[in-house]
Amino acid sequence: MTPIFSNPLLVGDLIGYTAGLAIAACLLFLVLRARRLPGSGRAGIALAVCAVIWNLGGLTHAVIHIMYGPEICRPALFALAFQFTGAAAFSIPMLVIWSRFAINRRQTQGARILIGLTSISALVITLFLWTGAASGDLAFSMKRYTSYCASLFLVSGAILLLRGQMNSRTIRVSALLILAAVLAGSAAVAVAENANVSPMASAALFTFASQAVLLAVIGAFFLFARFRYADIAIRYCVRIALAAGFALALVAIPHTNLVEQMVTRSAIPQAAELFASGLTAAFLLIAFRWLDKRLATAVNRTIFHTKGLRAAAGIIGDRMPFINSEKELAHAIELSARDTLQLHDSRLLLLSSDSVNPLRASLAAGEIVELLPCHGAQKDLPFPCDLLLPVNSAGKTTHVLAIATGWSRPGLVTQEITFLRSLAAHCGSRLDALRIEHDRVDRLSREAVLQRQVTEAELRALRAQINPHFLFNSLNTIADLIVTDPPRAELMTLRLARVFRHLLTHSTRPQTSIREEVEFLRTYLDIEEARFGSRLSVNIDIAGDVAHESIPALILQPLVENAIKHGLSPKPGGGRLWITAAALDGHIQLTVEDDGVGTSHSLESKNGNGGGIGLSNVADRLRTLYQGQAGVRLEPRPSGGSRAVLWLPRSQPCMTS
């Protein structure tokens, strides 16, 4: 058996394939995690699986080489067949990912043809590989053909599909990495086979060609993952490399001259060697945690420039309480995103706008939507966007934060996405606060207006009852009755006192039931009937199903007073007054009508005395209480007189102060 450290190329294969397998597994995990992002899915998973197959097959072949020596054996052939199966299939998912950039019919058809040819080629190569491995005669030319076919199809796909997309830095860098890897690998294979080089140089060229695939995988995932998880991938790759270095140190340090001399001079060499190994492991474990943290910080600061993101999020959070309008909030969020991350553009958009309607389902679910340049939604957006972040307010997604990185800037990484999420969260919280403040101010304003109008209505009702004309007529009637009919005079005095008592008792109650309002009107009309005598006839009809419905207090008294004063009082002879209440189409309809001379007052009248002011006040109170869902109108009766009709919602309670 050949000692492993006597063959540096074999050691290089072991390290390369081991690191490649770890990185490919990391990328597979990331693509599975990001499978719902645009551009993700089966093609990305297949690409990661091909990378895993390539590195796993190469590592297996290297291990077999270590175990059984350089002689060709059947397991080694199967390992090579497995490895180059991944290489043969690698071009298929790569072309599928590139086909999403097709912008016309010619490119789409060309992509289908290329994918079909690549699939046929991969199938044929895989068949020959496994047939050769099974027969024990795996021709080296099949590995060469695999490399050449991958180069041919990928270069053709780049020329056909990416020619109009190279202005994007992401696509340009990714394509160059992939093409450089496959072309360099093919060139290395060609030189190793055809040039007059030493066996060691030829083996080195084949090793380089094998490891160049890793560069193609990294380039593919730069495009595929859209840099969303690039910092995570690099973070794990750095950790893998650091762990590999520390593992080598753990093996090498106990075999240094200094440690070996200390072990040989000790009384118990085996215990000393065990102690040295344990001490080295403990030291490296502590050093690994310390160095890993420092390297992570250095990578974030130097490569991704994420320093200061937490402070920037804190600054915008501190500004939120001092923002008093949605327009000012949008400007602050957009400015913070642009200046902190050096973005090309950022805007806060309403989710209800047509530009984001095709993506409503994903955004409403709270998902971040990443858009490729060829995404169908780009044409409806106000500017080319790379990212849409949902902004939640009032328990649902109401806005989106649209982000455009610009072709000259690297894509956003996880910590930058986290910063944008914090901006969206601050925005949603402030929108909720602004809405609550607006509702509170609006409620307080309407309550103040309501309280003022209720107070004014009560004062007007009191003034109407105690104005000299009303009081003079009532007292004169009582005085006459004292002489002619003392018991009736006493009854009228009690009714007059009851009217004032009702007004004083309900001075703080904005609502009352229809039944209580009608009882008050009966007392009020009893006094009027005593004054008018047989000239006034009153008919009250209240439906039983609405008798307990709530209505604004003293809402009918101005209508009754208007009918008596302007309709019945000027009329010679007798007159009739009808008061009705009934349910109609989900509303309560209250009607006060008379057969008097009619009235010229209207709801819009603000001048004059009596009825016009009272009716306008009724209309204003209904407008404030029910926000346009209630009203009153004054109209003539077909048979003479006037009719006041008041309607208000039956099921919705009016606002109380």
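User: What is the basis of the numbering and of the values?

Analyst: Residues are numbered from 1 along each chain as its sequence is written, and side-chain values use heavy atoms, with hydrogens and water left out. This is a predicted model, where local features need pLDDT of at least 70 and side-chain atom pairs count only at pLDDT 80 or more, while totals for chains, interfaces and linings use all residues.

User: How many helices and strands are there in the protein?

Analyst: The protein has 19 helices and eleven strands. Both are DSSP runs numbered from the N terminus: helices are H or I with at least four residues, and strands are E with at least two.

User: Which residues does A158 touch, not counting residues up to four places away in sequence?

Analyst: A158 touches W98, R163 and L179. Contact means heavy atoms within 4.5 Å. The C-alpha atoms of A158 and L179 are separated by 8.4 Å, and the two residues are 21 residues apart along the chain.

User: What makes S513 count as buried?

Analyst: The relative accessibility of S513 is 11%, so S513 counts as buried. S513 belongs to strand 5 (residues 511–513). Leaving aside neighbours within four places in sequence, S513 is in contact with A547, H548, E549, S550 and I551.

User: What is the order of the five strands in the open sheet, and which strands are at the edge?

Analyst: The order is 6-8-9-11-10, with mixed pairing. Strand 6 (536–542) and strand 10 (631–636) are the edge strands, since each pairs on one side only. Two strands pair if DSSP finds at least two bridges between them. Neighbouring strands of this sheet are turned by 10° against each other on average, direction ignored.

User: How do you know that strand 10 and strand 11 pair?

Analyst: Six bridges join strand 10 and strand 11 (residues 642–649) in the antiparallel sense. The cut-off is at least two bridges. L634 has A644 in strand 11 as its bridge partner.

User: Which helices pack on the sheet?

Analyst: Helix 17 (residues 514–532) packs on the sheet and touches strand 6, strand 8 (575–584) and strand 9 (587–594), with its direction at about 170° to that of strand 6. Helix 18 (residues 557–568) also packs on the sheet, touching strand 6, strand 8, strand 9 and strand 11, and its direction makes about 150° with that of strand 8. For these angles, axes are lines fitted to C-alpha atoms, for helices over the stretch in contact, and angles run from 0 to 180 degrees between N-to-C directions.

User: Why is the pair R430 and E437 called a salt bridge?

Analyst: A salt bridge is a side-chain nitrogen of Lys or Arg within 4 Å of a carboxyl oxygen of Asp or Glu. The N to O distance between R430 and E437 is 3.7 Å, and the pair therefore meets the cut-off of 4 Å. R430 counts as buried at 8% relative accessibility, whereas E437 is partly exposed at 33%. The structure holds 15 salt bridges.

User: How far apart are R443 and E447 in helix 14?

Analyst: They are four residues apart in helix 14 (residues 414–466), which means a separation of about one helical turn. R443 is partly exposed at 36% relative accessible area, and E447 is partly exposed at 24%.

User: What makes K571 and D595 a link between distant parts of the chain?

Analyst: Their side chains meet in a salt bridge of 3.6 Å, N to O. K571 lies in the loop between helix 18 and strand 8, and D595 lies in the loop between strand 9 and helix 19 (611–626), 24 residues apart. Both K571 and D595 are buried.

User: Which residues do salt bridges that share partners join into one network?

Analyst: The network consists of E593, R633, E635, R637 and R643.

Definitions and conventions: Buried means under 20% relative accessible area, exposed over 50%, partly exposed in between (1.4 Å probe, protein chains only).
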